[in-house]
Amino acid sequence: MAKILIASDIHGDAVTCQRLVDIYKDSGAEKLVLLGDILYHGPRNDLPEGYAPKKVIELLNPLKNEILCVRGNCDGEVDQMVLDFPILADYAYLSFDGLRIFATHGHNFNMQKLPPLAKGDVLLHGHTHVPVAIEFGEGNVYVNPGSLSIPKENSPKSYILYEDRNFSFRTLEGEEYKSVTL
């Protein structure tokens with residue numbers, strides 16, 4: 001039985017990243033899965049309130065052995081030079097509690113351009129900044145934790161705490177506002 005914290009779209013927001021690291025350490029989770037867009041905000045987003053990419057580096061690098069990360073559309077080779085954990089893979093297959101999860105950022109693979117999925121696989125991505133959990137295909141589920149720093153469509157700053165096949169959507173204050181069990 002795995003306990004995993006899943007987050008996306010930090011976009012260089014050090015205040016939010018500090019809160020994420022605190023939540024992660026307090027949660028007892030064994031891994032922190034980051035779905036890209038770690039340091040920079042990108043040209044389509046406003047600067048997050050706590051924008052300080054160098055501080056985000058300082059906060060995440062000590063967790064290098066606990067982080068699983070995929071590349072977002074705002075992440076580049078220059079970011080890999082300062083981060084001590086790999087970030088440049090476009091996707092990763094994860095397996096927890098008998099679930100096979102295709103983890104990606106969402107700019108290359110998403111609901112409009114599906115990756116190769118087997119029956120029952122989970123598509124996990126960020127990018128849209130909107131939390132989602134919907135069924136599709138042959139018993140597949142699309143899960144998106146939303147954004148930690150720049151939420152959209154009136155959604156809260158959020159992350160997912162995964163445990164025992166349950167995706168618990170939570171605000172940065174730790175309040176669960178949605179839960180999906182597979």
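**Exercise 1. Which residues does Asn110 touch, not counting residues up to four places away in sequence?**

Solution. This is a predicted model, in which local features need pLDDT of at least 70 and side-chain atom pairs count only at pLDDT 80 or more, while totals for chains, interfaces and linings use all residues. Residues are numbered from 1 along each chain as its sequence is written, and side-chain values use heavy atoms, with hydrogens and water left out.

Begin with the place of Asn110, which is in the loop between strand 5 (99-104) and strand 6 (122-125); strands are DSSP runs of E with at least two residues, helices are runs of H or I with at least four, and both are numbered from the N terminus. Next, take contact to mean heavy atoms within 4.5 Å; with residues up to four places away in sequence left out, Asn110 touches Pro115, Leu123 and His125. Then turn to polar contacts, which are pairs of N or O atoms within 3.5 Å; within protein, one atom must be able to donate a hydrogen and the other to accept it, and residues adjacent in sequence count only if both atoms are side-chain atoms. A polar atom of the Asn110 side chain lies 2.9 Å from the backbone nitrogen of Gln112, and the side chain of Asn110 also reaches the backbone nitrogen of Lys113 at 2.9 Å. Finally, Asn110 is buried, with a relative accessible area of 13%, where buried means under 20%, exposed over 50% and partly exposed in between (1.4 Å probe, protein chains only).

**Exercise 2. Find the aromatic pairs and describe the one formed by Tyr91 and Tyr93.**

Solution. Rings of Phe, Tyr and Trp (its six-membered ring) pair if their centres lie within 6.5 Å, and planes under 30 degrees apart count as stacked, over 60 as edge-to-face and the rest as tilted. A search of the whole structure gives eight aromatic pairs. The pair of Tyr91 and Tyr93 is edge-to-face, with 6.1 Å centre to centre and 80° between the planes. Tyr91 is partly exposed at 40% relative accessibility, and Tyr93 is partly exposed at 37%.

**Exercise 3. Place Ile23 in the chain and find what it touches.**

Solution. Ile23 belongs to helix 1 (residues 14-27) and is buried, with a relative accessible area of 8%. Not counting residues up to four places away in sequence, Ile23 touches Leu5, Tyr159 and Leu172. The C-alpha atoms of Ile23 and Glu173 are separated by 9.0 Å, although the two residues are 150 apart along the chain.
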